[in-house]
Amino acid sequence: MHRLCAALLLVLSASTAAQDPPVLLLKLDTDLGLDDRDTRAIIPGDFDLDGDIDVYIANFAQDNILYKGRGNGTFDLVEPQPINTDGGFTFDGAWGDIDGDGDLDLAVANGHLMDNAIYRNMGVAQNGTTGRFAKLTGDPAVSDGGESYGVAWGDIDNDGDLDLAFANKFSANFLYTNDGLGAFTKVTAGDIASRVSQSRDVAIVDLDNDGDSEVAYANSSKQANDIWVNQGGDQAGTVGAFALLTSDPFADEASSSRAIAFADYDGDGLLDAMVANQDDQANSLFHNLGGMSFERTDLAPSNALGNSYSAAWGDLDGDSDLDLVIANREQVNFFYRNMGVDGFEAMEHGILSDAVGNSRHVAIADFNLDGRREVVVANTLGESNYYFSNEGKIWKDLGFALQRGNADDGDPEPRLTASGALTGDEWVNYYIDFAPADATSWLIVSLDTVFSPFKGGTLVPDPDFIVRLPKAKPTGKLDLSFRMPNTLPSGITIFHQVWSSDDSNAAGLCATNGLSGTTL
């Protein structure tokens with residue numbers, strides 16, 4: 001038993017709160033982790049209707065790539081056809097059924113004054129093969145040129161089909177209505193058709209829950225974002241006519257925005273907005289108050305300065321609320337766990353949070369059909385894209401930390417966190433925060449618990465093995481790494497806790513939370 005504990009000497013544990021965080025592992029050897037590419041977006045979608053997630057990879061000045069998913073997190077290249085051989089300066093893509101035949105077509109946003117593109121899925125309704133694509137020609141939506149950075153589908157006129165919007169950087173944005181069969185007419189009336197903004201992203205969503213969709217653009221160059229309110233529904237005007245939202249924090253905040261992502265993060269039935277900003281500006285999370293009114297929150301996603309290019313919502317820890325990942329260029333990516341009524345927790349430790357790259361886009365989907373969502377990040381300048389597999393909740397926070405000093409003084413509880421999986425030959429990274437500076441600390445490891453009162457706290461593991469650790473830094477931090485041995489059987493639960501000497505505490509000691517981890 002001691003030999004096993006010795007092999008796991010540094011396996012401290014994970015979770016910074018009562019809920020358990022997911023363990024996300026970076027897999028660079030997957031098909032999506034390509035070298036020598038300049039990827040701007042990774043777009044998941046089931047284009048062949050087989051129930052698993054396929055992927056379109058948008059590249060800059062290179063051929064784009066189409067992958068068919070196998071349903072286990074691996075992919076097959078789709079044979080050459082226009083959708084993946086056209087090349088170009090592609091910034092974004094969006095799947096949508098443009099002709100109501102039940103399969104997914106693809107719209108592609110191209111820059112450098114190239115025409116945008118739409119690829120029609122030639123399935124059964126076209127007497128073809130689902131998953132084979134034909135490029136749409138002779139339509140305004142694919143012949144207007146532009147400098148398009150973002151694309152989105154949505155029904156702006158409430159006729160039951162998908163209309164189309166492109167976000168343009170140097171010209172008026174493009175908005176098209178669909179005749180239901182996949183033929184498009186450009187919207188030319190109103191300010192929404194003529195206003196020139198430095199737009200980088202677009203979304204079509206119903207923000208006031210009145211049954212029609214608004215159009216939202218994320219604008220760069222320190223311009224305010226454009227929120228176009230559909231004048232149908234509560235506005236009692238014409239569906240498909242738009243007025244610019246003004247005198248609202250969401251619409252008036254001037255920033256260099258690169259992306260906008262909507263989700264109901266608090267479960268109140270209204271879509272909230274995450275705006276990702278570049279140039280070391282703070283990102284902004286706006287809470288939807290209803291009635292086309294928003295407030296900028298002071299929650300964790302609104303507090304970080306970044307060079308942010310993309311944001312994606314998804315339930316990564318299986319607790320039925322939406323977590324948030326933000327892709328940053330030339331800095332660590334941001335990962336925020338949704339803690340329900342407690343707001344968001346910035347996950348400062350972990351493989352996902354520690355990954356640094358020239359990241360431009362992030363997407364979340366269940367690629368291996370195991371019920372857990374994975375994260376993919378698009379990187380530029382020849383860097384490998386990131387595929388983070390979701391291993392679930394390997395670690396559990398058992399609580400019972402013994403606070404430093406006196407609780408009345410507001411001294412923090414020492415905290416134990418980790419990232420990685422307890423499986424053979426994987427790296428696990430460990431972190432201690434808020435330990436007394438230069439204190440002597442001991443790691444206690446066990447295959448069982450005792451939950452025994454000790455020095456005013458609770459000793460969680462039943463001590464099988466105790467080892468003295470290096471002293472914490474003056475900041476109270478101690479970071480360690482350990483590669484898991486290949487000899488460990490799966491299904492073993494290991495318990496950990498760290499105790500430290502603490503002159504500020506009457507007991508002379510303080511302790512981290514107790515933690516458990518189960519080997520895979």
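Is Lys-222 buried or exposed? Lys-222 is exposed, at a relative accessible area of 60%; the cut-offs are under 20% for buried, over 50% for exposed and in between for partly exposed, with a 1.4 Å probe and protein chains only. This is a predicted model, in which local features need pLDDT of at least 70, side-chain atom pairs count only at pLDDT 80 or more, and totals for chains, interfaces and linings use all residues. Residues are numbered from 1 along each chain as its sequence is written, and side-chain values use heavy atoms, with hydrogens and water left out.

**Largest pocket**
- The largest pocket has a volume of about 1000 Å³.
- Its centre is approached most closely by Ile-43, Asp-92, Gly-93, Val-151 and His-361, out of 36 lining residues.
- A pocket is an open set of points on a 1 Å grid over the protein atoms alone, where a 1.4 Å probe fits, with protein on both sides within 12 Å along at least five of seven lines; lining residues have an atom within 4 Å of a point.
- Volume is the space filled by probe spheres set on the points, which are joined across faces, edges and corners.
- Elements giving two or more residues to the lining include β2 (39–45), β6 (90–96), β10 (148–154) and β30 (356–365).
- Strands are DSSP runs of E with at least two residues, helices are runs of H or I with at least four, and both are numbered from the N terminus.
- The lining has 27 nonpolar, three polar and six charged residues.
- In that count, Ala, Val, Leu, Ile, Met, Phe, Trp, Tyr, Cys and Pro are nonpolar, Asp, Glu, Lys and Arg are charged, and the others, Gly among them, are polar.

**His-361**
- His-361 is found in strand β30.
- His-361 is buried, with a relative accessible area of 15%.
- Its side chain reaches the backbone nitrogen of Ile-42 at 3.3 Å.
- Beyond four places in sequence, His-361 touches residues including Arg-40, Ile-43, Ser-310 and Val-377; contact means heavy atoms within 4.5 Å.

**Loop residues**
- Ser-197 is found in the loop between α3 (191–194) and β14, and is buried at 2% relative accessible area.
- The side chains of Ser-197 and Asp-226 make a polar contact at 2.7 Å. That term is a pair of N or O atoms within 3.5 Å; within protein, one must be able to donate a hydrogen and the other to accept it, and residues adjacent in sequence count only if both atoms are side-chain atoms.
- Asp-157, in the loop between β10 and β11 (163–168), is partly exposed at 24%.
- The C-alpha atoms of Asp-157 and Val-239 are 5.5 Å apart, across 82 residues of chain.
- Lys-222 lies in the loop between β15 (214–219) and β16 (223–224). Its phi is positive, about 60 degrees, although it is not a glycine.
- Ser-247, in the loop between β18 (242–244) and α4 (249–252), also is not a glycine and has a positive phi of about 55 degrees. Ser-247 is exposed, at 69%.

**Nonpolar cores**
- In the largest nonpolar core, of 25 residues, Tyr-430, Ile-432, Leu-469 and Met-484 touch the most other members.
- Strands supplying at least two residues each include β35 (427–433), β39 (465–469) and β41 (493–501).
- Another core, of 17 residues, lies apart from it, with Ala-203 and Phe-294 among its members.
- A nonpolar core is a set of buried Ala, Val, Leu, Ile, Met, Phe, Trp, Tyr and Cys residues joined through side-chain atoms within 4.5 Å.
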